[in-house]
Amino acid sequence: MLRAGIVGLPNVGKSTLFNALVANAKADAANFPFCTIEPNVGVVAVPDERLNVLAKISQSEKIVPTRMEFVDIAGLVKGASQGEGLGNQFLANIREVDAIVHVVRCFDDDDIIHVSGSVEPLRDIEVINLELALADLFQVEKRIERTRKQARNNKDAEAELVVLEKINANLNAGKPVRQVGLTEEEVELIQSLGLLTAKPVIYAANVAEDDLAMGNEWVQQVRQIAVGENAKVVVVSAQVESELIDLSDEERTDFLESLGVAEGGLKSLIKASYELLGLRTYLTTGPQETRAWTIRAGMKAPQAAGVIHTDFERGFIRAETVAYADLVAAGAMNAAKEKGLVRSEGKDYIVEEGDVLLFRFNI
Ligand SMILES: Nc1nc2c(ncn2[C@@H]2O[C@H](COP(=O)(O)OP(=O)(O)OP(=O)(O)O)[C@@H](O)[C@H]2O)c(=O)[nH]1
Ligand SMILES: [Mg+2]
């Protein structure tokens, strides 16, 4: 399963957010830096409004959302790449995730310690991004030294050296690896390094409840940085989300309404993280259940079938497929068939986001 890692300065609300994301999670969240040392891992259901609609059409007995993993990682501080604050261990934890949710403090609260003494997203983001870049530089330089020796009589090493030197120059110029524009081949050559700045990022601006509806000046600072990096920003209130956990549906609606919002930001954060990981969803529906399944972008029908069961992939014959919107417009599967909206696709079909699929297979 692909994982998104929750990263940021200490004491900005990462574990609070994690506990709200993961049902029944009990990560320690408290008002002191480095409360988290060992990473917390949790599985999260991905919200998908389409499931309810399909379940109604098929009169399904149950609904099963798809899932993804989040990892709550210890806070990083200035100097982490030199080992400060157990930095090396924490950076290694980040190396193991596939995408980064960078939590930025955008709330004012004199009672909650800020490791730099004041709220200032521009500076805070730079601190984290610099440590990630320095950690990468350190690794790349080490690898360059090794590869340079091998490159004298090895073509593969020679190719790797070219990429490493390109990355080295970019990192030195302050550019994260994800913005270098590497080709697929180049990415493959450096995959094993697990470079931190190669991972896709979204920023989660953690605001006070009163700013959830309209944002604030600090959120603007985060947006400014994100635009330059072509990254997404999700506004969320860890505090609000943690208070929502124990409320009934009705109480939730009332509380959110009083804040002038439809949700506390968590749903948007999960969806954005899912997309950030390059994940796509296809759907299956019937009287028993309506269910969402996760695939990677570009996956073909047999592989997609294999997500349900390996037998489905091995014995794959055909996929009957209809786009979600077409099915909903037709109102029922039979009506969609009569209108010719249900297609029969073979083994080379690339499954699209929101395809409603039925697999035909031999066992
Ligand atoms: N006022 C306010 N306090 C918050 C918010 N989010 C978290 N806190 C508080 O900030 C403190 C730190 O929260 P944690 O979730 O432990 O922070 P963390 O980022 O996991 O911290 P480390 O694990 O030490 O890096 C706790 O006392 C939380 O209650 C928020 O949105 N508003
Ligand atoms: Mg924590």
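These legends accompany several close-up views of a predicted model. Local features need pLDDT of at least 70 and side-chain atom pairs count only at pLDDT 80 or more, while totals for chains, interfaces and linings use all residues. Residues are numbered from 1 along each chain as its sequence is written, and chains are lettered from A and ligands numbered from 1 in the order in which they are written.

**View 1. Helix α7 from end to end.** Welcome to α7, which spans residues 217–229. Helices here are DSSP runs of H or I with at least four residues, strands are E runs of at least two, and both are numbered from the N terminus. The 13 residues of α7 reach 19 Å from the first C-alpha to the last, close to the expected 18 Å; that expectation is 1.5 Å times one less than the number of residues. Just after α7, look for Asn230, which takes a positive phi of about 60 degrees.

View 2. Trp218, Val219, Gln221, Val222 and Ala226 are buried. They lie on the same side of α7 because they cover an arc of only 155 degrees around the axis, taken from the directions from the helix axis to the C-beta atoms. Glu217, Val227 and Gly228 are exposed on the other side. A residue is buried with 20 or more other C-beta atoms within 10 Å of its own, exposed with 12 or fewer and partly exposed in between, with C-beta atoms placed from the backbone. The cover over the buried residues of α7 includes β5 (99–105), α4 (121–151), β6 (201–206) and β7 (232–236). Contact requires C-beta atoms, placed from the backbone, within 7 Å.

**View 3. Pro200 and its contacts.** Pro200 sits in the loop between α6 (184–190) and β6. Pro200 counts as partly exposed because it has 17 C-beta neighbours inside 10 Å. Leaving aside residues up to four places away in sequence, Pro200 touches Ala99, Arg178 and Leu276.

Methods. Two residues are in contact if their C-beta atoms, placed from the backbone, lie within 7 Å.
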